[in-house]
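Trainee: Hi! Could you walk me through the ring contacts in this one?
Mentor: Happy to, let's look together.
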Amino acid sequence: MTERSGSDPISTKRQRIADLAARMPETPLTTLAHHIDHAWLKEAYRQTRKSGATGVDGQTAADYAADLDANLADLLERAKSGRYRAPPVRRTYIPKGDGSKVRPLGIPTFEDKVLQRAVAMVLESVYEQDFYDCSYGFRPGRSAHDALHATREALMAMGGGWVLSLDISSYYDSIDHRLLQDVVRQRVRDGVLTRLIGKWLKAGVMEDGQWRSADAGTPQGGIVSPALANVFLHEVLDSWFEETVTPRMHGRAQLVRYADDAVLLFEREDDARRVLRVIYDRFAKYGLTVHPEKTRLVKFTRPPRAADGSKPHSGTFDLLGFTHYWRRSRRGNWIIDRKTAKDRYARTLKALNQCCRANRHRPVREQWRTLCRKLEGHYRYFGVPGNRRQLSAVWSATHRRWCYWLNRRSQRGRMPWDRFHQLLERYPLPPPRLLARHRA
């Protein structure tokens, strides 16, 4: 790489790491930490979200920024000398799925987030040279929609096939620390970086004022956790599938993975069943469990012509909040379409109902702005071709929920439909729309 005058020094350093990793694909890299200097930490600070929740020390981003350069200099010295002590993460919980369960999150301190970001920048520069095209989660320039597009295109090219929808039980909470560190050391053997990663894995959790150790897992909420989880699954699944499984298949096969959500696509049933028989042992070798009930093998071939004239049926599968199914195009051809999965649709309606209920006593204009933001966010993700009907259903349900909770504010402030429609003339909710950036 030829360095340009005035180029971003951090980008130049990251490119140097990437070039080194590309030149030495099979060699552990032992000298990486020297790239992390004051400027690198300052860039990590810039990339760290400032509005996030605070960790166990209660320090905010504003507190840290009050004496930023001195704080970063001290952080750099402690990280390089080995004196840095990773604080435990603060345990909190968020609703999971339909809301009947919760997902644990671990919130690091702000300073810890900055240092994790700095290390994640190094890991990304290295592993982007190793990762396969089948991986889409937490990678620059890649998104969930890219994974969905790749899935659709692969199945269309095969003319349909067999889909192995993979579910890993409690993946982030189950990663074995020793095995993870062994996998990292296959590629990154810099003492400063491996020591920091070990400290984060052993930092433990603070909950209700009590500290407890973490024997396994990478806490969801940490900055470096997605990078480490991606590295681990690259070894457990991606490399195995691309280097061992695919060459042994009789037909076409393709993997699409976004973080711990993955589908394995096969042209032939016998190939799919061979992989299904061995995949449990493959994951068990690395201390992971493939969920026996949620992992499904689906026949996803083009629907056959029904002899009795009835509407033919074919299997469906879910990926990243979308249900994939076959339908006829306007020209009469079978195509793969996507719609909001039932569980995600129900979760969205529940969240909108809770929003309307919680904010019903606030000024109408504030309620309207909040609902607009939520609907626009929903459209940005679910606004893909073929999903307009489900978007419209969410839009209509939001009107009903808003009217219902406005009507319950008080006996005097009743909100019948005719009055509600007058209110909508002043505060219209954004209508459903498909976003052009989503590929068909």
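Predicted model: local features only at pLDDT ≥ 70, side-chain atom pairs only at ≥ 80, totals over all residues.
Mentor: Residues are numbered from 1 along each chain as its sequence is written, and side-chain values use heavy atoms, with hydrogens and water left out.

Trainee: How many aromatic pairs does the structure hold?
Mentor: There are 16. Rings of Phe, Tyr and Trp (its six-membered ring) pair if their centres lie within 6.5 Å; planes under 30 degrees apart count as stacked, over 60 as edge-to-face and the rest as tilted.

Trainee: Why is the pair of F232 and Y286 edge-to-face?
Mentor: Their planes are at 85°, so the pair gets that label, and the ring centres are 6.0 Å apart.

Trainee: Where do F232 and Y286 sit in the chain?
Mentor: F232 is in helix α10 (residues 225–245), while Y286 is in the loop between α11 (269–284) and β8 (296–301), so to speak a link between distant parts of the chain, 54 residues apart. Helices (H or I, at least four residues) and strands (E, at least two) are DSSP runs, numbered from the N terminus.

Trainee: Is F232 buried or exposed?
Mentor: F232 is buried, with a relative accessible area of 0%, and Y286 counts as buried at 11%. Buried means under 20% relative accessible area, exposed over 50%, partly exposed in between (1.4 Å probe, protein chains only).

Trainee: What about F300 and F317, how far apart are their ring centres?
Mentor: The centres are 5.1 Å apart and the planes are at 80°, so that pair is edge-to-face. F300 is in strand β8 and F317 in strand β9 (residues 317–319), 17 residues apart. Both are buried.

Trainee: New topic: which loop holds D208?
Mentor: The one between β4 (205–207) and β5 (210–212). D208 has a positive phi of about 55° although it is not a glycine, and at 76% relative accessibility D208 counts as exposed.
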